[in-house]
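Open the model in your viewer and keep the selection panel handy.

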Amino acid sequence: MKSLRDLDYSVLQQCMHCGLCLPSCPTYEETKRERHSPRGRIALMRAIADGELELTKTFGEEMYYCLGCLACTSACPAGVNYAELLETARSEVEQSGVLATPTRSFIRTAMLRVVFTRPRLLRAIGRLLWLWQTSGLQTLARRAGLMNLLPSNLRRLEPQAPKILEKFSHQLIQPIESPVAPRAALDVGRSMLDVERCPAPPPSTVRLRRVVVLTGCVQDLAFADINRATVDVLLANGCEVHTPPVQPCCGSLHAHNGDNVTARDLARRQLDLINPADFDAIISNAGGCGSHLRAYGHLLHDDPAYAQKAAAWSAKLRDIHEYLVEIGFRPPTATAPTTTVTYHESCHLCHGQKVSAQPRAILRALPGVKLRECAESQWCCGSAGIYNITQPETAARLQERKVGHVLATGAHIVATANPGCHLQLANGLAQHAGNSGAPAIEVTHPVVLLARAYAAEKLG
Amino acid sequence: MADLIDQLTQRLGTHRVLTAREDILPYGFDGTATLKQLPACVIFPRDAADVSFALILAREHGAPVVTRGSGTGLSGGSVPLPGCIVLCLAQMDRILEVDTANLTLRAEAGAITQKIYEAADAAGLFYPPDPGSMKISTIGGNVAENSGGLRGLKYGVTRDYVMGLEVVLADGSICWLGSKCVKDVAGYNLRDLFIGSEGTLGVVTQVLLKLLPRPAARQTLLAAFLSMESAAETVSAIIAARIIPCTLEFIDQTTLRCVEDFAKVGLPREAAAILLIETDGHPAAVAEEAAHIEKLCRDHGASSVRRAANATEATQLATARRSAFSALARLRPTTILEDVTVPRSELAGMIRAIDAIAQKHALAIATFGHFGDGNLHPTILTDERDHAEMHRVELAIADIVTATLERGGTITGEHGVGLAKKAFLRRQLGDASFELLRLVKRALDPDGRLNPGKIFD
């Protein structure tokens with residue numbers, strides 16, 4: 001069981017309170033209060049470890065006021081492992097029950113322990129949500145004013161819910177797809193053109209790279225097209241792509257929300273399903289998941305049955321952009337009209353995984369794409385996992401700030417590589433478009449643009 | 001105390017008066033290692049009138065007052081006292097005026113130094129003092145500690161750019177000292193009295209700063225050396241050649257490896273020491289100076305000299321240097337920074353002395369600093385929980401101070417006396433000068449209300 005007192009004290013001591021983290025912290029920027037800064041939070045954690053502070057409700061709330069964006073870890077010259085500290089503190093807050101209320105406990109158990117640990121159940125719920133959204137029921141209910149019956153926080157969240165896609169990942173991607181033998185058409189209503197779009201491997205490929213793609217939870221339901229695009233770009237670069245049709249959640253949501261026990265359990269299930277020894281790389285395309293998936297080695301380091309496998313897993317885990325750059329991806333050749341694209345960095349991709357140059361390298365390689373940087377591309381958009389649900393006011397201010405920077409670039413498309421950011425930006429930009437009457441800027445993932453560019457080669 | 005807090009809350013509102021343990025614990029320290037003390041409350045004034053109100057209340061209730069900005073100080077200057085009110089000026093952070101006709105800038109004390117630099121830069125002007133922590137330090141804190149930085153050699157320290165101050169005195173009166181006049185000799189120079197007063201004489205609430213035209217060109221060089229001596233000799237050679245670069249920074253091998261681990265800017269890890277040199281001014285002069293400096297480096301045994309290709313690379317190198325102190329925490333949990341300064345002719349000898357002291361007390365001491373102005377930061381890498389080692393640390397600090405004073409140096413070049421250096425102040429100043437300090441303090445703060453126990457007891 002994780003607790004601040006059992007933690008290696010030197011991790012806490014590593015913070016020498018120089019204050020260089022303060023300007024990188026979105027919550028400190030909001031209030032200018034030390035408690036809302038990384039240095040301040042670490043001081044509180046240390047006070048608990050030292051027995052100078054009881055684990056109070058205020059402490060618990062503070063740990064969840066933090067976005068967990070990890071911008072402080074990029075700013076910290078001393079190399080403090082804030083991610084581990086925050087996870088440990090949140091885990092201890094959960095064990096202590098200082099924040100427990102019947103509603104919170106029910107929602108947490110239902111979501112973290114029941115829904116997100118059962119991929120089939122999650123998909124069933126996704127299917128129902130899709131029916132609700134597409135059958136006209138949602139529109140009817142909205143018109144009839146039924147939404148007003150919902151509790152206020154649900155009423156606020158309802159329009160922000162992700163738009164569920166008709167097909168989930170397993171309906172778009174075969175368990176094994178190989179660039180050599182074009183995959184057979186899946187009976188999912190895709191045209192022959194789509195099937196042919198799967199390009200042949202580059203002639204220089206000596207040996208087939210064998211990779212496995214992780215499909216995620218929210219990504220699987222709302223952005224299965226991104227998963228499809230991920231497979232497409234890997235195929236186009238000579239990889240044999242394995243995509244197990246039913247995958248457990250990676251546990252990132254659990255670890256980031258103090259449920260370390262379930263997080264460990266989910267990591268073990270992942271390792272049972274996918275043996276890292278079988279693959280050249282394990283590919284993640286979501287910033288938040290990838291950041292956690294990389295840490296399996298550490299998460300299970302004290303589990304004798306899994307430690308070795310988990311370490312091997314961590315060594316092979318790659319973000320999709322990182323991997324494409326590592327293997328020297330083939331730049332698409334089709335010509336295309338000029339489009340201005342800006343890039344918003346998922347916190348857990350740039351700060352958690354230190355992957356920042358690679359997505360830009362991919363965007364720059366796209367024919368016709370002009371990459372225009374937005375201000376504060378590394379500043380959190382306020383999505384931060386479920387932060388926009390738990391701290392709506394701060395999340396909304398950060399969203400507004402981000403949308404302003406994106407609009408200022410005049411870009412047609414904003415690319416980002418995490419489902420939370422994707423939704424937060426799409427909601428913010430749609431709201432702006434609704435208010436101003438201007439067309440909404442498209443939000444998408446860099447690999448979707450890359451897949452489109454490869455597809456355009458076949459077409460034209 | 002409850003009554004005092006009630007009255008403060010009544011005026012400022014609950015969100016500007018913090019008393020909960022979770023709120024005040026993070027104000028128990030600043031950037032200095034091993035010092036920690038809880039205040040009674042932390043308040044966030046909006047202006048000088050609020051500060052005045054708080055000081056009058058504090059006098060009525062007999063409460064000590066400690067002023068604070070971002071808490072990045074390295075001499076314990078803003079560490080609280082038991083039962084004190086912490087006046088945190090972090091929310092008074094506006095830049096009030098950039099006067100391009102008079103080349104001045106007026107800001108509230110809580111304004112971040114970097115923002116001041118940027119506001120000046122946007123107007124084509126230049127605010128030269130650049131404390132290593134300028135990304136987060138406040139201008140009020142810079143004035144209170146008379147902070148130096150990476151450009152001290154050519155441009156001096158904060159004091160050299162302060163034209164005026166708004167100060168709240170211990171009795172609550174608010175006064176302006178100085179003006180926009182380049183020449184102003186009316187009365188005693190009281191403004192300078194408050195610069196470097198470390199919060200013991202009054203509370204600085206506004207600052208009027210002098211700006212310079214932005215230099216037309218800049219060139220940054222990075223020279224690597226295989227021995228500390230050759231780096232030190234190169235510095236002497238540059239100064240002897242009558243070249244005054246704006247920056248002449250020194251980093252030893254231990255520090256440079258930590259910095260590189262953080263910043264990843266391609267510093268030569270095998271070098272025993274590196275010099276970061278920057279020259280600025282007219283493009284032709286800069287080109288000539290840079291060439292001359294490069295030759296001097298090579299003549300004195302530099303193993304490599306690299307010129308920053310562009311402004312971005314120059315900024316990266318300077319930023320890496322700024323992280324030196326914090327990056328050293330990668331090696332040991334407690335990093336105790338010294339701030340001694342010696343006349344520049346004594347640098348090589350001082351470096352050797354620090355080395356000998358480290359060996360004598362079996363301690364790891366990494367050294368970096370501003371070679372060009374003689375300001376060294378020997379930083380002791382230790383663990384505050386190791387009591388035996390901490391005792392040796394104290395002995396080593398005393399030895400470093402002795403070695404400094406023997407060379408005609410000073411115990412602090414830019415971080416102030418605070419709590420950390422006060423044991424050595426009388427030795428440096430001599431009895432008469434030391435008593436003069438006390439006399440000034442007694443005149444301005446007869447009750448000893450403001451930051452008591454800092455600089456001297």
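Start with the second largest cavity, which holds about 150 Å³ of space. This is a predicted model, in which local features need pLDDT of at least 70 and side-chain atom pairs count only at pLDDT 80 or more, while totals for chains, interfaces and linings use all residues. Residues are numbered from 1 along each chain as its sequence is written, chains are lettered from A and ligands numbered from 1 in the order in which they are written, and side-chain values use heavy atoms, with hydrogens and water left out.

A cavity here is a set of points, on a 1 Å grid over the protein atoms alone, where a 1.4 Å probe fits but cannot get out; lining residues have an atom within 4 Å of a point. Grid points are joined across faces, edges and corners, and the volume is the space filled by probe spheres set on the points.

Select A:Cys15, A:Cys21, A:Ile42, A:Cys76 and A:Val80: of the 18 lining residues, these lie nearest the centre of the second largest cavity. Now colour α3 (38–49) and α5 (71–75) of chain A, the elements that give two or more residues to this lining. Helices (H or I, at least four residues) and strands (E, at least two) are DSSP runs, numbered from the N terminus. By class, the lining has 14 nonpolar, three polar and one charged residues, with Ala, Val, Leu, Ile, Met, Phe, Trp, Tyr, Cys and Pro counted as nonpolar, Asp, Glu, Lys and Arg as charged, and the others, Gly among them, as polar.

Next, move to the largest cavity, with a volume of about 790 Å³. Select B:Thr72, B:Gly73, B:Ser133, B:Glu145 and B:Ser147, the closest to its centre among 48 lining residues. Then highlight α5 of chain B, which gives the most to this lining, with five residues. Colour the lining by class and you will find 14 nonpolar, 27 polar and seven charged residues.

Finally, show both chains together. The contact (heavy atoms within 4.5 Å) takes 37 residues from chain B and 34 residues from chain A. How many salt bridges does the rule find across the interface of chain B and chain A? There are six, a salt bridge being a side-chain nitrogen of Lys or Arg within 4 Å of a carboxyl oxygen of Asp or Glu.

Definitions and conventions
On a 1 Å grid over the protein atoms alone, a cavity is a set of points where a 1.4 Å probe fits but cannot get out, and a pocket is an open set with protein on both sides within 12 Å along at least five of seven lines; lining residues have an atom within 4 Å of a point.
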